[in-house]
Amino acid sequence: MESVLKIYKGEVQPDWCPGCGDFAVLNAIQRALYELNLDPKDVLIVSGIGCSSNLPGFISTYGFHGIHGRAIPVATGAKLANPELTVIVTVGDGDCYGIGMGHFIHAMRRNPDITVIVMNNQVYGLTTGQASPTSMKKHVTKSTPFGVIDDPINPIALAIAGGATYVSRGFSGDPIHLAQLIKNGILHKGFALVDVFSPCVTFNKLNTYEWFRKRIYKLESIGHDPTNFELAIKRAYEFGDKIPIGLFYKTEKPSYEEYFEDIYKGKPLVYHDFPNKEQIKEIMKEFY
Amino acid sequence: MTNPIAVRFCGAAGDGIESIGSIMVRTFARSGLHVYAYRNYQSVIRGGHVWYQVRAHNKKLTSFGDYYDIMVTTNKDGIVYDSAQLREGGIIIYDANKVKFDPSEVGKKFIDLNIPLAEIAQLYSRIAAMQNVVAYGAIAYILDLDFNILKEVLEYEFGDKGREIVEQNIAAARKGYEYASEVYKNVRIKIEKGSRRRMFLNGTSAIAFGGYVAGCKFYAAYPMTPSSPILHWFAEHTKKAGMIVLQPEDEIAVINMAIGASFAGVRSMVATSGGGFALMSEAVGLAGMTETPLVIVEGQRGGPSTGLPTNTEQGDVRQVLGAGQSDYPKVVIAPRDIEELFYSTIEAFNLAEKYQIPVIIVSDLYMNESATTLENEFDIENIKIDRGWIVKEGEIKDYKRFLITENGVSPRALPGMKGYNFVAASDEHDEKGHLVSDVLAGLPYMLKIRKAIMEKRMRKEQYILKELEPPTLYGPQNADITIVSWGSTRGAVREALQILENEGIIANSLEIKYLHPFQGKEIKEILEKAKEILLVENNYSGQVGGLIAQHTGIFIKNKLLKYDGMPIMPLEIVNKAKEVLNLKSYEVIK
């Protein structure tokens, strides 16, 4: 791991609370990049706003730290402009499943080759602990003193139904397993979701490391077949005494960039020439 | 010298009015005439009452005209709604079997050109729109147009629908031509035609083509009138132009995708109207903060809110200038005609990359949907591309993406380049891009760097101001009245100046192009010398008048403000100018 830190360590120390689940996610991303032997210059990490979205600052790749909820469109645009980049999105549950939900759904139906890592702590941590779209029912938070009344979003079921081609969930308490999910998500050609139970040790006293440890089990351990759509949906709805992590669903379909191959002509858009005078004059004929 | 001639086609949506209008435009342009065309329509797919007005002359036109000379109407609504702008003694082409009215309903003298349009059309096609083609043939006779040009244009318009359709249209036009020549032999209007075909295009094509020429490779948009045709143009040209053209889920996705593509190094553009721009606002600031180049087109329409989706206004100045939080450097260009829309789009891309900022082009429905010919075709030989300071690999050691420099512009690296890895953040950051907004908030280092980096970004505007073309007065330096306009309103002002001059009234005009950064010093110098000033704006409150006051301390008291959804017309300006000068006005069209 020493060399991992050397290659991918950012210049800024993470400012997360001690014990925050996001440390493990950062670690797992670095490990995955290392295992894939990716040069930091070829990796772009795009985030939104929230505790988890500070991640690009803590790693040595290129980064774009955008506005709340809009990381996925930024990542999609960058990937289309330069498909040679490995594009990763690091966001929180509020960012991705709340304010950015529209983009999440629409990105899945397009299937761009990006890996979306959602540090899901089931609260708005940076704004001091309000309920989030994944907060459990009856959860008492600052904004819900009488308990959450909205049903939580089920991101796994939504992603499977929404057309994501790689749907997985990890846990910050198991960073080696998480790194594997991220690595395979990056290798997967298409939209990969890695939802991560990343406990907020400061503002979520309900969904703690202990709470998860009592409940989670690995899908691999029961021989789950990730190519089976119906079974994947069924597992996605398990959220009680038993909560699965691992790869729920994986399928193959063309990635978004593949539809533009006749535009790229074997070269990322960013390296294309500007139109020349002859080409311009040819189109100008239409105005007569 | 002959006068301009204007033809207005009237009918219901779905009657093919727009189609015949654009056929007429092309015919005039290929006859060597200058054209200015505009239309009125409603937000309905069928029904309603629409018109398309095409004005032609042997000199450049800058307005579709206060009056028109020939009405073609396929229903009575044309008589009811459109007689007011028909010139006294003008021609009405109609089919008495279908359109029944009493001559008194027109309210003025006119030449009655009853032609059995439907009967003739039915000889060739069951499509009702063919009636317009018959009328088009009759107009060709009246104006003595070369029938070979009509044939060519119909072949161009209908060629993709097959030979049979082309022949039907040519035959219908010929029959209309012959009918007019036999029955209304002496109804002729003389117009001087030119010898060379003229290039013509509408505002949205000028913007899109400008984007293509500027090297735009990524275009995204959500449908919204009056900017959707830009999306259509790019979508149609995606392969030819080698561009990625997308229609994402909303304007927020649109602009963020474009920012992502631009961050990766590709010239990117988006276009919308006021409502879509409102959704984009936060990300416009993001482009400013992350110093990501971006070109945004805001085609204004009647507001507030959904407002008047198919009518025009210049009411979004405050929204555009106020978009996003706090202060960040940007340029706002308001091109003043269709030709300038083309050149300004290229200029916008160069400014965006040179200064690493968002550049907003403010257009409006009137200009987007007008079509015009050009005096000369676009000067492709002299197009300049300036990509600004993009670093090369290995060129810089100890790279700082947001390096504090004198003109505020920092070295830009693109993802994929070795040795320059950095984060562009919407949070405040230091020269390296490291956040100073969280753990350092309020601490001495942050206070120092925040001030320095804010000033670095904003310094760009001082340098932009130095390179923007300064505003000048059009017309005589010493005038009785100076007319102040901006954006698309210039066209009507230019024609008004001509009318005033013909009457011996000396007027000049200040036609503002850059709304931000504002050339307050130059504008103040010009306006201080004016004897009388008249502000002309297509909005309720005189938004640019407010901007002038803010930057120059000059409050313009004489204002012609129009906000009924229609563009400002030349005679309205003439009359207001006369009113200011205590002179007798023309009768104004209501």
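Ile117(A) touches Val25(A), Ile29(A), Ile88(A), Val89(A), Thr90(A), Ile182(A), Val194(A) and Val196(A), leaving out residues up to four places away in sequence. Here, two residues are in contact if their C-beta atoms, placed from the backbone, lie within 7 Å. This is a predicted model, in which local features need pLDDT of at least 70 and side-chain atom pairs count only at pLDDT 80 or more, while totals for chains, interfaces and linings use all residues. Residues are numbered from 1 along each chain as its sequence is written, and chains are lettered from A and ligands numbered from 1 in the order in which they are written.

**Nonpolar cores**

- A nonpolar core is a set of buried Ala, Val, Leu, Ile, Met, Phe, Trp, Tyr and Cys residues joined through C-beta atoms within 7 Å.
- A residue is buried if 20 or more other C-beta atoms lie within 10 Å of its own, exposed if 12 or fewer, and partly exposed in between.
- The largest nonpolar core has 255 residues, and Ile117(A) is one of those with the most contacts inside it, as are Ala78(A), Val35(B), Ile93(B), Ala138(B), Phe218(B) and Ala258(B).
- Helix H4 (residues 130-142) of chain B gives the largest share of this core, ten residues; helices (H or I, at least four residues) and strands (E, at least two) are DSSP runs, numbered from the N terminus.
- Another core, of eight residues, lies apart from it and includes Cys51(A), Val123(A), Tyr124(A) and Cys200(A).
- In soluble globular proteins, nonpolar side chains tend to be buried together.

**Where chain B meets chain A**

- In the contact between the chains, 55 residues of chain B meet 48 residues of chain A.
- Among the elements that each supply at least two residues of chain B's side are helix H7 (203-213), helix H9 (251-263) and strand E15 (423-425) of chain B.
- H9(B) provides the largest share of that side, nine residues.
- The residues of chain B's side divide into 33 nonpolar, eleven polar and eleven charged; Ala, Val, Leu, Ile, Met, Phe, Trp, Tyr, Cys and Pro count as nonpolar, Asp, Glu, Lys and Arg as charged, and the others, Gly among them, as polar.
- Strand E2 (residues 62-65) of chain A pairs with E15(B) in the parallel sense over three bridges; two strands pair if DSSP finds at least two bridges between them.
- Within E15(B), Ala424(B) is the bridge partner of Phe64(A).

**A sheet in chain B**

- An open sheet of five strands in chain B has the order E16-E18-E17-E20-E21, with mixed pairing.
- Its edge strands, E16 (473-474) and E21 (558-561) of chain B, each pair on one side only.
- Strands E17 (residues 481-486) and E18 (residues 507-512) of chain B run parallel and are joined by six bridges.
- Val484(B) stands opposite Leu510(B) in E18(B).

**Domains of chain B**

- Chain B is divided into domain 1 (5-183), domain 2 (200-382), domain 3 (389-468) and domain 4 (473-580), with bounds from an automatic or database domain assignment.
- The C-alpha centres of domain 1 and domain 2 of chain B lie 33 Å apart.
- Their contact takes 14 residues from domain 1 and eleven residues from domain 2 of chain B.

**Met136 of chain A**

- Met136(A) sits in the loop between strand E6 (130-131) and helix H6 (155-162) of chain A.
- Met136(A) counts as partly exposed because it has 15 C-beta neighbours inside 10 Å.
- Apart from neighbours within four places in sequence, Met136(A) is in contact with Gln122(A), Val148(A), Pro152(A) and Leu206(A).
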